[in-house]
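Please work through the exercises below with the sequence and the structure open beside you. Try each task by yourself before you read the solution.

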Amino acid sequence: MSQSATVNRRYVLAQSPKGEPDASTFRLETVAVPTPGPGQMLLRTTWLSLDPYMRVRIYETDGYMASVKPGEVMVGGTVSEVVASNHPDYKVGELVHSYAGWQDYTLSDGSDVIIKLPANAKQPSMYLGSLGMPGFTAWYALNQIGHPKNGETFVVAAATGAVGQIIGQLAKLAGCHVVGIAGGADKCAYAVKELGFDACIDHRGAGLPERLKAACPKGIDIYMENVGGPVFDAVLPLMNLNSRMPLCGLVAHYSGAGMNGADRLPGFLTEALFKRMKLEGFIIFDQYPAHYANFLAAMTQPIESGAVKIREHVVGSLEEAPQGFTELLAGGNFGKVVVKVA
Ligand SMILES: NC(=O)c1ccc[n+]([C@@H]2O[C@H](COP(=O)([O-])OP(=O)(O)OC[C@H]3O[C@@H](n4cnc5c(N)ncnc54)[C@H](OP(=O)(O)O)[C@@H]3O)[C@@H](O)[C@H]2O)c1
């Protein structure tokens, strides 16, 4: 599709889902491609990121950010090409990372651009994964909250996902004994053989607490909390004195599962107190001004050279984005999910 294209395909939120999202959650619309005014540019989406946080953004009531309302274009990080420009700082043909959402085209005055991609960017979709929000999350959580020390034990769940695959490798480079938790034998084999983790435990099998304990003979010093649920229950008793827990995500609960069970708060707080545990929740979007440039300076070379490995899970078209999203929430992805839009 060229600059002269007239049709913009876009997914809007049809209705906020109760429980897991399904085919009725999103609606595909076609509208006219807008024309840039003074100081504006027209962006064409080439890659769209699918991420678990999107489930939180379609809650009926606002979460940590304002919810997408029915009829609004679904939010999402994108890599886009400038296809027309009245903006002095952006030329036709340049690539930018912004949040254009689940659609082909959008107008921008540049204020929403996170970064202009370098002209020699090796793989533009990396700016949605390893060099984008999830990679930044991994790097920030490990270094600013986890503070790994040589010989410590580091555990991460969703270990082969967008965040997990990066943070586990960084913890290994920091000298930790790294244990992943993932859904299925293939993902666990990949974590050990390709990513270099010391062990990986399949959370879907029986006896998770015992198997995790065996893989962590010295207990756990850092747990990157990505999921919650039974994985968290298996981790908690193994946390060491003065351990750290970056509270990154709770994907097992985003659609409401397990929110009204028996009250486990007293047990959790007792562990946190007795273990002198440090738990720190964070939302990475707050950290861009202070830390994103440092992250890129530190990580671009290791990622682009392959010293830190990455795995992407490519969804083939914009039309398939809703299905790709529901699969991501159910663990159907194997790597960072990106949608090839153009
Ligand atoms: N705080 C922040 O600013 C921030 C930023 C980025 C991401 N996050 C959070 O970090 C977490 C990981 O995000 P990501 O982008 O890297 O996603 P991801 O790992 O690529 O994909 C999500 C994975 O979660 C696992 N999962 C889903 N339901 C589960 C369950 N009930 N129990 C255990 N595991 C389950 C699945 O992996 P398996 O098949 O291996 O179980 C699935 O592949 C999410 O909670 C996300 O919201 C937070």
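The exercises that follow concern a predicted model, and they go from the whole chain to single residues.

**Exercise 1. The whole chain**

Task: Find how many helices and strands the protein chain has, and explain why it counts as being as compact as a globular protein of its length.

Solution: Begin with the secondary structure, which comes to 9 helices and 15 strands. Next take the radius of gyration, which is 21 Å, while the globule rule gives 20 Å for 342 residues; because the two values are close, the chain is as compact as a globular protein of that length. The C-alpha trace spans about 60 × 45 × 35 Å along its principal axes, and 43% of the 342 residues count as buried. Finally, turn to the contacts between residues at least 6 apart in sequence, of which 64% join residues at least 24 apart.

**Exercise 2. Two domains**

Task: State which domains are assigned to the protein chain, and describe the contact between them.

Solution: The domain assignment gives domain 1, made of residues 7–129 + 311–340, and domain 2, made of residues 133–284. Their centres, taken over C-alpha atoms, are separated by 29 Å. In the contact, 15 residues come from domain 1 and 15 residues from domain 2. On the side of domain 1 that touches domain 2, the residues divide into 5 nonpolar, 6 polar and 4 charged.

**Exercise 3. The shell around the ligand**

Task: Determine how many residues surround the ligand, and which element gives the largest share of them.

Solution: First count the shell, which has 33 residues, with Gly 161, Gly 183, Gly 249, Ala 252 and Gly 331 as the closest. The largest share, 3 residues, comes from α2.

**Exercise 4. The partners of strand β3**

Task: Decide whether strand β3 is mostly covered or mostly uncovered, and list strands with which β3 pairs.

Solution: Strand β3 covers residues 41–49, and since 8 of its 9 residues are buried, the strand is mostly covered. Now follow the bridges: 7 of them join β3 to strand β4 (residues 78–85) in the antiparallel sense, and here Leu 42 stands opposite Ala 84. A further pairing is with strand β6 (residues 105–108), also antiparallel, over 4 bridges, where Met 41 has Ser 108 as its bridge partner. With strand β15 (residues 336–340), β3 pairs antiparallel over 3 bridges, and Trp 47 stands opposite Lys 340 there.

**Exercise 5. Two single residues**

Task: Explain why Arg 276 counts as exposed and Pro 230 as partly exposed.

Solution: Arg 276 is found in the loop between α7 (265–274) and β13 (278–281). This residue has 11 C-beta neighbours inside 10 Å, and because 12 or fewer make a residue exposed, Arg 276 counts as exposed. Not counting residues up to four places away in sequence, Arg 276 touches Leu 241 and Asn 242. From Glu 29, in contrast, Arg 276 is 247 residues apart in sequence and 52 Å apart in space, C-alpha to C-alpha.

Pro 230 lies in helix α6 and has 14 C-beta neighbours inside 10 Å, so this residue counts as partly exposed. The C-alpha atoms of Pro 230 and Gly 258 are separated by 9.7 Å, although the two residues are 28 residues apart along the chain.

Terms used. Residues numbered from 1 in each chain as written. Predicted model: local features only at pLDDT ≥ 70, side-chain atom pairs only at ≥ 80, totals over all residues. Near = placed C-beta within 6 Å. Helix = DSSP H or I, 4+ residues; strand = E, 2+ residues; numbered from the N terminus. Domains from an automatic or database assignment. Contact = placed C-beta atoms within 7 Å. Nonpolar A, V, L, I, M, F, W, Y, C, P; charged D, E, K, R; others polar. Buried ≥ 20, exposed ≤ 12 C-beta atoms within 10 Å, placed from the backbone. Rg over C-alpha atoms; globule rule 2.2 N^0.38 Å. Pairing = 2+ DSSP bridges.
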